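I opened the notebook to look up a few things about how this chain is put together. The entries below follow the order in which I checked them.

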Amino acid sequence: MLSLALAGCGLAGLGEEDGDDRASGAPAAVAGIDCAKSGKVQGTGSSAQQNAMKYWIKEYERACPGVRIAYNPIGSGAGGAQFLRGATAFGGSDSALKADEVTLSKEVCEGGRAIDLPMVGGPIAIGYDLPGVDDLVLDAPTLAKIFDQQITTWDDKEIQRLNPGAELPSLPIRPVHRSDDSGTTYNFQAYLAGAAPEDWQHPVGKAWQGRGGASASGSSGVATEVTSGVGAIGYFELSFARARHIKTVGIDTGAPAPVRPTPATASAGIAAARVVGTGKDMTLKFRYAASTPGAYPIVQVTYEIVCDKGNQKATLPALKSFLGYIASEAGQEPLSRLHYAPLPESVAGQVRDVVRTLS
């Protein structure tokens, strides 16, 4: 399974800088990692966790020089498919496995099945370009109508109701969505369907279901579209908004104050979720309509897909060691600096317990 080349375009880890650190005998960057002695672990999947994976791999390999980890961010769908073909040790996906995929996984996971382990979270920011309006607030019904082109101008009375002190221009709204299948799209549509079911009645999936609007490939493409035209609004991971200085929407959830997208507020949103997976599977179900103060409701979690039983014996020690590290406090705490949301300890602790039992 792991005869794949571990270096190549797009792979996180195994870079020149990592090689220099290893060759120079640099001390372990992270204390307390339970290192495997050796192993080569290949993963593919979600691009949403790409920057987290780069950080984790660099830190882990400094501490555990006998192990090589590589991650290719080819997208959730492709990453899951490669894992289910037995081509990788783990897959990364922004949505949980479907029932038919779990059934298929039993051919790869001898004596077991594939499970979803939540590992990195983050807010899906709603970015916009509206001159003179720096503190925009929207709620789920209004967002649903904007992205379904039922609200088409920025001075619409529903937007004015949520922003009583703002001078909203009479400009057309240009909603922008992903043109490619995306876990980010899946989670944004799940929020709209869960928090505003009367206003968003489209199926929830990785492909965009709303009516009209502009489209672009990838979160980077959507962010570019939002910044290239006045009146635009789109959705993408918070890191894209921060990197490009895009204004983001505060969400009126019914709590005393609107909630802004930050790593901390997204972690609070994840903490409100409950585990609905069976056995060792840790699929999370979010409470999109909750009005918990300080909890940002538009979040996504990237799962690492592994076998509960039947993992490759040659790579199992290294796989468990790496997953144990990234689920630990040392692996999770730095994520906020990368604009991700660390898992709440109530979830991360359960993940670590499951990792210890992988076989």
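I started with a term: a residue is buried under 20% relative accessible area, exposed over 50% and partly exposed in between, with a 1.4 Å probe and protein chains only. I also noted that helices (H or I, at least four residues) and strands (E, at least two) are DSSP runs numbered from the N terminus. This is a predicted model, in which local features need pLDDT of at least 70, side-chain atom pairs count only at pLDDT 80 or more, and totals for chains, interfaces and linings use all residues. Residues are numbered from 1 along each chain as its sequence is written, and side-chain values use heavy atoms, with hydrogens and water left out.

**Entry 1: helix H13**

I looked up which residues of H13 are buried, and found Val-347, Ala-348, Gly-349, Val-351, Arg-352, Val-354 and Val-355. Their cover includes strand E4 (114-128), H11 and H12; contact here means heavy atoms within 4.5 Å. H13 has 13 residues and reaches 19 Å from its first C-alpha to its last, close to the expected 18 Å. The expected span is 1.5 Å times one less than the number of residues.

H2 has 14 residues and spans 20 Å from first to last C-alpha, close to the 20 Å expected. Its buried residues include Met-53, Trp-56, Ile-57 and Tyr-60. An α-helix has 3.6 residues a turn, so residues three or four places apart point the same way.

How do H2 and H11 pack? H2 (residues 50-63) and H11 (residues 316-326) meet at an angle of about 115°, with axes 11 Å apart. Axes are lines fitted to C-alpha atoms, for helices over the stretch in contact, and angles run from 0 to 180 degrees between N-to-C directions. On the H2 side I found Met-53, Tyr-55, Trp-56, Ile-57, Glu-59 and Tyr-60, which meet Ala-318, Ser-321, Phe-322, Tyr-325 and Ile-326 in H11. By class, this contact has nine nonpolar residues, one polar and one charged. Ala, Val, Leu, Ile, Met, Phe, Trp, Tyr, Cys and Pro count as nonpolar, Asp, Glu, Lys and Arg as charged, and the others, Gly among them, as polar.

**Entry 2: aromatic rings**

I counted 13 aromatic pairs in the structure. Rings of Phe, Tyr and Trp (its six-membered ring) pair if their centres lie within 6.5 Å; planes under 30 degrees apart are stacked, over 60 edge-to-face and the rest tilted. Phe-147 and Phe-188 make an edge-to-face pair, with 5.1 Å between centres and 75° between planes. Phe-147 is in H5 (residues 140-147) and Phe-188 in H7 (residues 183-195), 41 residues apart. Both are buried. I also noted one aromatic cluster, formed by Tyr-60, Tyr-71, Phe-90, Phe-322 and Tyr-325.

**Entry 3: Leu-192**

Leu-192 also lies in H7. Is Leu-192 buried or exposed? Its relative accessible area is 0%, so Leu-192 is buried. Leaving aside neighbours within four places in sequence, Leu-192 touches Ala-140, Leu-143, Ala-144, Pro-197 and Trp-200. Leu-192 and Phe-147 are 45 residues apart in sequence and 9.7 Å apart in space, C-alpha to C-alpha.

**Entry 4: two histidines**

Most residues other than glycine have a negative phi. His-245 has a positive phi, near 55°, and lies in the loop between H9 (238-244) and E9 (247-248). Its relative accessible area is 73%, so His-245 is exposed. His-339 has a phi near 70°, also positive, and is partly exposed at 30% relative accessibility.
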